[in-house]
Structures are given as C-alpha cells and as structure tokens.
Amino acid sequence: MTTTDTIATLALGVAVVAAVAAIGSWKAARNANGAAQTLSRIEQQRLHADLTPDFHCTIVANEARSTAMLRVHLEGPPGLLSHRAIEITVSIRNDSPHRGGGPQLAGTATPEQVRAHIWGPWKFSADGRDDTGRTVAPQQLAVGEWTRYGLTPTSPPLRSASTMDDWRREYTNAPVRLGITARSKGSEWTVPLEVPVTVEDA
C-alpha cells in the first residue's frame with residue numbers, strides 16, 4: 001500500500017467516524033428535544049390541574065318547595081387570583097345521562113325530547129337561561145366572590161304517566177347535579193358537582 005493509499009484510507013476512516021458522530025449527535029438532540037417537549041406538556045397539565053376552580057354551592061328552597069336559590073361561591077385556588085375574574089357557565093346535568101339512548105316506541109317522546117328534558121328536581125328560572133332552563137348565560141366571577149341563580153321545580157316529561165305529585169315525590173331528597181364550566185386565559189375546566197337541597201325555616 002502506497003503512502004497515498006494510506007492517507008486516503010485514513011481520510012475515509014475519519015470521515016466515517018465524523019459521520020457516525022454527527023448521526024449520534026442528531027439523535028441525541030432529537031431525543032433531548034422530545035424529552036423537553038414531554039416535560040413541558042406534563043408541566044402545563046400539572047399547572048392546569050392545580051388551577052382547577054374550587055366551587056362551594058348551596059341550594060335553599062322555600063318551605064313549599066315552589067322556588068329555590070342556588071348560590072355559587074368561587075373559593076379558589078389562590079393561583080386563580082392572578083386571573084382576576086374568570087368566566088363561568090352553570091348547567092344542570094341529568095340524573096340519568098343515558099336516557100334517550102334507546103329506540104323510540106310508538107306514541108312516546110323522541111330521543112331528542114327525552115335528552116332535552118331535565119331529569120332532576122330543579123331548573124333555572126333566572127334571567128339569561130336557555131329555553132329548557134338547563135343552562136344560564138356565562139358571567140364573570142373572581143376568587144372569593146359569589147353569585148346566585150333562581151330555581152323553579154321541573155315537570156314530568158311529555159307523554160309521561162307520572163303526575164306532578166309523583167314527580168316531586170321521586171325527587172324529594174335528590175341533589176341537583178351541576179356542571180360548571182370555567183374559562184380563563186385560554187384554559188377551560190369543567191367541574192361536576194352534586195348539591196343537596198335544604199329547606200328554609202318557616
């Protein structure tokens with residue numbers, strides 16, 4: 001082997017080693033970038049969870065149970081103080097979310113009507129409610145502040161054999177199942193709650 005051949009062989013070896021090192025460096029950088037993205041995503045999820053709004057809700061009905069008042073208090077967490085006010089939308093969830101999922105029988109309500117009906121004791125009577133009384137208009141609420149909404153009793157569904165008395169007895173001691181959606185600075189949380197109903201003293 002001539003000197004020229006030796007130099008060429010050495011140069012080729014150096015080039016191969018450099019190429020292998022470059023590939024290794026690229027893979028390491030890619031893996032580091034992927035790990036950094038994963039850690040960032042985990043941290044964002046943790047911060048989002050830490051800022052989940054903490055609501056305390058009470059419902060007080062009059063002695064006749066003809067009206068009630070829902071009070072929603074935003075208790076925290078303290079991290080939300082920097083967000084100032086957050087937007088909340090309060091909705092009433094059904095006591096049985098699977099209703100309306102079966103086939104429609106002749107002479108009965110459509111699945112859409114069944115799902116739209118509030119299967120629970122109370123609906124909203126406050127200004128800004130939707131047509132069914134299930135949801136009220138969004139409003140702003142800051143940590144440490146509260147708001148309230150009027151409620152009125154629900155009725156049996158269309159084409160139901162239940163009387164109003166039967167319907168009310170069924171829900172005498174039932175809680176109101178709420179879902180509060182909160183939004184702030186591009187984040188959104190949905191908080192499910194079950195709120196017992198107390199009756200005010202005469």
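Which residues line the second largest pocket? In this predicted model, local features need pLDDT of at least 70 and side-chain atom pairs count only at pLDDT 80 or more, whereas totals for chains, interfaces and linings use all residues. Residues are numbered from 1 along each chain as its sequence is written, and side-chain values use heavy atoms, with hydrogens and water left out.

The second largest pocket is lined by Arg-65, Pro-121, Trp-122, Pro-153, Thr-154, Trp-167, Arg-168, Tyr-171 and Thr-172. A pocket is an open set of points, on a 1 Å grid over the protein atoms alone, where a 1.4 Å probe fits, with protein on both sides within 12 Å along at least five of seven lines; lining residues have an atom within 4 Å of a point. The space in this pocket comes to about 150 Å³, a volume being the space filled by probe spheres set on the points, which are joined across faces, edges and corners. Its lining comprises 5 nonpolar, 2 polar and 2 charged residues (nonpolar: Ala, Val, Leu, Ile, Met, Phe, Trp, Tyr, Cys and Pro; charged: Asp, Glu, Lys and Arg; polar: the others, Gly among them).

Arg-65 has a positive phi of about 55 degrees although it is not a glycine, and with a relative accessible area of 27% it is partly exposed (buried, under 20%; exposed, over 50%; partly exposed, in between; 1.4 Å probe, protein chains only).

An open sheet of 5 strands has the order β4-β6-β2-β1-β9, with mixed pairing. β4 and β9 (197-199) have a single partner strand each and stand at the edges, so one side of each is left without a neighbour in the sheet. The twist from one strand to the next averages 35 degrees (axes are lines fitted to C-alpha atoms, and angles run from 0 to 180 degrees between N-to-C directions). Strands are DSSP runs of E with at least two residues, helices are runs of H or I with at least four, and both are numbered from the N terminus; two strands pair if DSSP finds at least two bridges between them. Strand β2 (residues 68-76) is joined to strand β6 (residues 146-153) by 6 bridges in the antiparallel sense, and Val-72 stands opposite Thr-147 in β6. Strand β4 (residues 122-124) also runs antiparallel to β6, with 3 bridges; here Lys-123 stands opposite Thr-152. Between strand β1 (residues 54-61) and β9 the pairing is parallel, over 3 bridges, and Val-60 has Thr-198 as its bridge partner in β9.

A further open sheet consists of 4 strands in the order β5-β3-β7-β8, with antiparallel pairing. Its edges are β5 (139-142) and β8 (187-195), each with a single partner strand, so one side of each is left without a neighbour in the sheet. Strands β3 (residues 85-92) and β7 (residues 176-184) pair over 6 bridges, with Ser-91 opposite Gly-179 in β7. Ser-184 in strand β7 is buried, at 8% relative accessibility. Beyond its neighbours within four places in sequence, Ser-184 is in contact (heavy atoms within 4.5 Å) with His-83, Ile-86 and Trp-189.

Lys-185 lies in the loop between β7 and β8. Lys-185 is exposed, at 62% relative accessible area, and its phi is positive, near 50 degrees, in a residue other than glycine. In the loop between β2 and β3 lies Pro-77, joined to Gly-76 by a cis peptide bond with omega about 5 degrees.
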